[in-house]
Amino acid sequence: MDNPMKQREAEKILRAAGGEFSAPPPKTPQEKRPLHRELPPPEPFPIEALGPLADAAKAVATLTQAPPAMAAQSVLAAATLAAQAHADVKLPHGAVRPLSGFFLTIAGSGERKTTCDGLALRGVYQVEELWRGEYETAMQDYRRDLAAFKEATEHAKRGAKAKDRAAIKEALAAVGDEPREPPRPVLLVNDLTPDGLTLHLEKSRPWAGIFSAEGGGFMGGHAMNDDNRMRMGAMLNAAWDGDPIRRARVGTGYSFLPGRRISCHLMMQGAVAGKLLGDPMLADMGLLARCLTVQPESTIGGRVFQEPDQRARYLLADYTHRLSFMLQSAPTTRAGDDRALDPPAIECDPEARALWIAFYNEIEAENADGKPLAPIGAFAAKLGEHAARLAGVLTVYEARAQKPVNIGGTAMANGIRLARHYASEALRLHGVASVAPDRLLAAKVLAWWRKQPDRRQHLAAIYNDGPYAARDSVTARRMAHGGNLAD
């Protein structure tokens, strides 16, 4: 009997009748059904397909003991940030595209996301620090030049004949153009409104990276709030496509910024990623199809202490030096505008071209209705372009941003292999973003419950020893009922 009062009444009746009462045997907890589709394990990240970046990714994974896929994402995203200023890629059908890439890594707390990005971006930090010192000196000169310009302008106006417009115009022309503020020494940003990002690309270098090891700050901050999400999504789409950035505002005026490049790497926990990947508006806009996403298996629990690996440190130092060199190498800019990139377009050699065409045709066939890639059709439609961009990044990195060369067969084969892996991850993660956060947490509680020697657990056991996010009585009770553990 489940009701204690009824049980006591039955006991009294039996005793009054001279009978004996025996308590019913305790209920054996039944096996619970999964609360949502179980996520299969990911395929191993093909680190060897990173080519010249493989050693750096292995070094980061070794030094941090983080999931190899996470280390690979950090290294590849940082290299993309540097490479995008130096070349575009010309696809076999003739279209020219930037090397920009948007990377998304889904991982929980404690997976060493910040450490991975910190090691991969060390060369970027060094260059920003160098630019910062140069900027202070340049700003002093700029302020003096600006003051001299203003004084010369006033002198020219006073010296011209009164009310003689032509004379004033001639005198002002002789003074010259107003000096321009030196570029701000920042490449990395993480929480800007679309207007702020536009201003950054106007006042700083003509390329930037949106990098954050705590993607929740980006998703919950100014960049992607309800007022800005659509505009930010549209702006990122335009930047990924290589289109000029346009802005018209009453207060700040009109901006037209051609030749700008943006790359991203956002690392975030599953619940936050669910909000991004499950956003129908961003999916319909095509932003999610432009993202290369991984969710590696956790390494927490197996990261025993190890002495620093000196070879890994050496390989990482070489990668950092290469990245720093690329960032300090002057990119090609448009004639008359050193703030607008005009990178040369690198083409595919015959072998790379043949590989890409075969891959393109395979993907197109697999993307038909009822075929394997149909569930991720929007992403699959861009797989050929993703592969070419990845191959271009590997090519530019290997050349250290020197005179670009054609993409060879090896680089293209690696780009295709990487694209295939991202496709497998997209298929694996498809539909998981629509699962409610409470259901995901309830599933964690259910997994914890299954591991207990005695499955007859009091509710207090959940908020004392269960998953951390469920360790309060209200949440524990809600999760227990959500996971059908209350019986």
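Two strands pair if DSSP finds at least two bridges between them. Helices (H or I, at least four residues) and strands (E, at least two) are themselves DSSP runs, numbered from the N terminus. By that count the chain holds 19 helices and 12 strands.

This is a predicted model, in which local features need pLDDT of at least 70, side-chain atom pairs count only at pLDDT 80 or more, and totals for chains, interfaces and linings use all residues. Residues are numbered from 1 along each chain as its sequence is written, and side-chain values use heavy atoms, with hydrogens and water left out.

Start with the chain as a whole. It has 487 residues, and 46% of them count as buried. Buried means under 20% relative accessible area; exposed means over 50%, and partly exposed lies in between (1.4 Å probe, protein chains only). Contact means heavy atoms within 4.5 Å. Among contacts between residues at least 6 apart in sequence, 75% join residues at least 24 apart.

Now turn to a sheet of 5 strands. The sheet is open, its pairing is parallel, and its order is β4-β5-β8-β3-β9. The edge strands are β4 (188–189) and β9 (291–294), each pairing on one side only. Leu188 has Gly209 of β5 as its bridge partner.

Look at the side chains of β9. In a regular strand the side chains alternate between the two faces of the sheet. Cys291 and Thr293 point one way from β9, Leu292 and Val294 point the other way, and all are buried.

Axes are lines fitted to C-alpha atoms, for helices over the stretch in contact, and angles run from 0 to 180 degrees between N-to-C directions. Helix α4 (residues 113–120) lies across β5 and β8 (261–268), at about 150° to β8. Helix α7 (residues 194–203) lies across β4, β5 and β8, at about 135° to β5.

Next comes helix α2 (residues 54–64). Its buried residues are Ala54, Ala56, Ala57, Ala59, Val60, Ala61 and Thr64. Their cover includes α3 (68–83), α4 and α12 (310–328). Gln65 follows α2 and has a positive phi, near 60°.

Helix α12 deserves a look of its own. Arg311 is found in it. Arg311 and Ala59 are 252 residues apart in sequence, yet 8.0 Å apart in space, C-alpha to C-alpha. Arg311 is exposed, with a relative accessible area of 57%. Thr320 also lies in α12. Thr320 counts as buried, because its relative accessibility is 5%. Leaving aside residues up to four places away in sequence, Thr320 touches Leu119, Arg122, Gly123 and Gln126.

Another sheet is also open. It has 3 strands in the order β2-β1-β12, with mixed pairing. Its edge strands are β2 (96–98) and β12 (345–346), each pairing on one side only. Strand β1 (residues 88–90) runs antiparallel to β2, and 3 bridges join them. Val89 has Arg97 in β2 as its bridge partner.

Finally, follow helix α16 (residues 409–429). The axes of α15 (residues 383–398) and α16 come within 8 Å and cross at roughly 130°. That angle makes α15 oblique to α16. Angles under 35 degrees count as roughly parallel, over 145 as roughly antiparallel, 65 to 115 as roughly perpendicular and the rest as oblique. The residues of this contact divide into 13 nonpolar, 3 polar and no charged. Ala, Val, Leu, Ile, Met, Phe, Trp, Tyr, Cys and Pro count as nonpolar, Asp, Glu, Lys and Arg as charged, and the others, Gly among them, as polar.

Helix α13 (residues 350–366) also meets α16. Their axes come within 8 Å and cross at roughly 20°. That makes α13 roughly parallel to α16. The α13 side of the contact includes Leu355, Trp356 and Phe359, and the α16 side includes Met412 and Ile416. By class, this contact has 9 nonpolar, 1 polar and 4 charged residues.
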